[in-house]
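My entries follow the display.

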Amino acid sequence: MSNEAGLPSEAVGTVSPARLTRGTIARYATGSLGTGGFATLPGLVLTYYLTDSLGVAALAAGAVITVAKVWDVIIDPVIGALTDRDLARHGSRRRLMLIGAISLPVLFALTFAVPPSLGPVVAGIWVLLAFTLTATAFSLFQVPYIALPAELTPRYDERTRLLTWRVVVLTLAILLFGAGGPALRRVSDDPFLQYLVIGVLCGVVIGHGMLVATGVARRTAVTPGETASDRRDSGLHPGSRRSDDVSPEGGHPNAATTGIRAHYASGIRALRRSLPFRMLLSTFVLQALATGLMLAGAQYVATWVLHSQAAVELLFVALIAPALLAAPAWGVLARRIGKERAFTIASIVFAVAALSILGMLWAPGDWIYVPVGVAGIAYAGMQSLPMAMLPDVISHDERTATDTAAGGSGRAGSFSGVWTAGETVGFALGATTLTLILALTGYVSSTGGQVVEQPDAAITGIVVSFSLVPAVLIALSLVTLARYPLRRADIERGDTGSQSA
């Protein structure tokens, strides 16, 4: 029985074309103004804000960020289940995206609005609570946002095109927030006002980008593994379900009626069932850990190695400016040699560039901007290509899954929930790893305006965390990437031979 009556008016009768329109790509890509901003700015300044403005000890600062991220890991699969239910009931994933986009600016501002008189303990608790709520709002947007590409088009190359332009905007966002965010501290000599301005202005921009992207979710998507013509041939509107989608005897569950626990379990089963998903996610988590570590360490490199607060802005310009041209180039390369091969090349280039930065231990200087620029070229591919591969994994799983309780159409949210949780773990562990290295090497925390000297061991730890450790993590990620089995033919012809349990 169709649930057509429950669909919003704009969804009924809408067919998602195989060839995406420029408007759809533009609105979807604009969402990365929000996702890029939130991924960049807290990773860049939050640890430094805690240790060098609020006086929170390095290990305690790491604990604050880690606890907030652990909460994220717990709720992301649940949000994936909720967004799948929204799609089944209303033909759209837009509701949760809207809630996240509207609430995030306020919560983001509160994270950086700690009164200076509270002291390190209370300040740490304040940031923990505010940042946890902010991360929750972000997940409400991010999880359904990641699920959309698998449903917007069934075509292998169109997904690459969609995600390529998303990464172009993502790199602009990283440049805007990575260089512009810290520059906002120049509005005042008062550390409290500096970070309050960052929280308010950047929160508004992040929220605006998210709101624009919710417009893409107003249109009912094509379910992965089928085309719009499949819906027309079956006599169903997009978003509708056949009567055999629900079985009282325990057949394939309807996402609108299945409980959250079952949805949560379906995401975990998908991870266990799908070799392509496990390998791609493992690769992405390791790389998120590497890039998260470098992101959190950039401010420390600028302050204690290059001895320039402005250097952090230059580091981000060097990282992102080349990526603006590189993202489309990686898309072209992927169409010629395959996404997985292009991804491997990007990862190797990034690892070599990161490793070369280790020379800062013996000869610190402006030459660091060259390898950072090379890493930026590679980073564009490391972002766009795995995100373009994820919809392929989802659609391939829907064609080949034998466990109908976990597989089937309309379950992209379950995949994206687990994916977002994994990404969150990677970035969280990046900041945590940095704080552990800082603590082990004797880093001295301080409050705003206080002048301290760092021991040589701490300077060494900062450089190693920005170069050697990320390079090793990328090398490990190449091991899992080598086991990723899907190729173009598996997606375009529905070949089931590439997946194993």
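Is tyrosine 48 buried or exposed? I find tyrosine 48 buried, at 9% relative accessibility (buried means under 20% relative accessible area, exposed over 50%, partly exposed in between, with a 1.4 Å probe and protein chains only).

I note that this is a predicted model, where local features need pLDDT of at least 70, side-chain atom pairs count only at pLDDT 80 or more, and totals for chains, interfaces and linings use all residues. Residues are numbered from 1 along each chain as its sequence is written, and side-chain values use heavy atoms, without hydrogens and water.

Aromatic pairs. I looked up the total, which is 14 (ring centres of Phe, Tyr and Trp, the last by its six-membered ring, within 6.5 Å; planes under 30 degrees apart are stacked, over 60 edge-to-face, the rest tilted). Tyrosine 48 and tyrosine 300 pair edge-to-face, with 5.5 Å centre to centre and 80° between the planes. Tyrosine 48 sits in helix α1 (residues 22-52) and tyrosine 300 in helix α10 (residues 275-305), so the pair ties together parts 252 residues apart in sequence (helices are DSSP runs of H or I, at least four residues, numbered from the N terminus). Tyrosine 300 is buried at 0% relative accessible area.

I then took phenylalanine 141 and tyrosine 145: their ring centres are 5.0 Å apart and their planes at 25°, so the pair is stacked. Both residues are buried.

Glutamine 194. I located glutamine 194 in helix α7 (residues 191-213). Glutamine 194 is buried, at 14% relative accessible area. Beyond neighbours within four places in sequence, glutamine 194 contacts Arg185, Ser188 and Asp189 (contact means heavy atoms within 4.5 Å).

Methods
Helices (H or I, at least four residues) and strands (E, at least two) are DSSP runs, numbered from the N terminus.
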